[in-house]
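Subject: Structure handover

Hello,

Here is the structure you asked about. Please open it first, then read the notes below.

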Amino acid sequence: MEHEHKMTAKKLFTCAAGGLTAGFFNGLFGSGGGTIIVPFLEKFLKLDPKKSHATAILIISGFTAVSLVFYGFSKSLDYWLALKVSIGGVAGGFVGAKLLSKLTFGAIHKIFGLFMIAAAVRMVFF
């Protein structure tokens, strides 16, 4: 689906509702935007999986920036640790983005689904 510059009120409301939900959970838990926004982009806005995952990164960066300000003012951040982990995160992000372009839609869904299951099991039992 190509991006349409003209947006209906219903679609605008749908976008805002999805963003509000994902942003809320991102702010509350410090993460979680991707687990909500990716399925939202696919199911409600009909983006293909590759475009959904790629678009989610940009959307989540906005959530993260706002959350970062609030967590920073509350002095809840370990900046040195974040810098060290981010070094690996940048490398992992590069490899993941390259791999995304080579995977089929089915493979993307399976990998994302397994990740979601693993995260859910970890949250419930550990």
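**The largest pocket**

The helices α1, α2 (33-43), α3, α4 (79-100) and α5 (105-125) each give at least two residues to the lining of the largest pocket. Helices here are DSSP runs of H or I with at least four residues, strands are runs of E with at least two, and both are numbered from the N terminus. This is a predicted model: local features need pLDDT of at least 70, side-chain atom pairs count only at pLDDT 80 or more, and totals for chains, interfaces and linings use all residues. Residues are numbered from 1 along each chain as its sequence is written, and side-chain values use heavy atoms, with hydrogens and water left out.

What is a pocket? On a 1 Å grid over the protein atoms alone, a pocket is an open set of points where a 1.4 Å probe fits, with protein on both sides within 12 Å along at least five of seven lines; lining residues have an atom within 4 Å of a point. The largest one holds about 1,300 Å³ of space. That volume is the space filled by probe spheres set on the points, with grid points joined across faces, edges and corners.

The lining of the largest pocket counts 38 residues. Gly34, Thr35, Ile57, Ile60 and Phe115 lie nearest the centre. Helix α3 supplies the largest share, 10 residues. By class, the lining has 23 nonpolar, 15 polar and no charged residues. Ala, Val, Leu, Ile, Met, Phe, Trp, Tyr, Cys and Pro count as nonpolar, Asp, Glu, Lys and Arg as charged, and the others, Gly among them, as polar.

**The whole chain**

The chain has five helices and zero strands. Its C-alpha atoms fill a box of roughly 45 × 35 × 30 Å along the principal axes. Of the 126 residues, 18% are buried. Buried means under 20% relative accessible area, exposed means over 50%, and partly exposed is in between (1.4 Å probe, protein chains only). Among contacts with a separation of 6 or more, 57% join residues 24 or more positions apart. Contact means heavy atoms within 4.5 Å.

The axes of α1 (residues 9-29) and α3 (residues 49-73) come within 9 Å and cross at roughly 35°. Axes are lines fitted to C-alpha atoms, for helices over the stretch in contact, and angles run from 0 to 180 degrees between N-to-C directions. The crossing of α1 and α3 is right-handed. A crossing is right-handed if the near helix is turned clockwise from the far one by less than a right angle, and left-handed if anticlockwise.

The axes of α2 and α5 come within 12 Å and cross at roughly 145°. This crossing is left-handed. On the α2 side, Gly34, Thr35, Val38, Pro39 and Glu42 take part; they meet His109, Phe112 and Met116 of α5. That contact has four nonpolar, three polar and one charged residue.

Not counting residues up to four places away in sequence, His53 touches Val38, Glu42, Leu100, Ile108 and Phe112.

Val69 is also in helix α3. Val69 counts as partly exposed because its relative accessibility is 43%.

Best wishes
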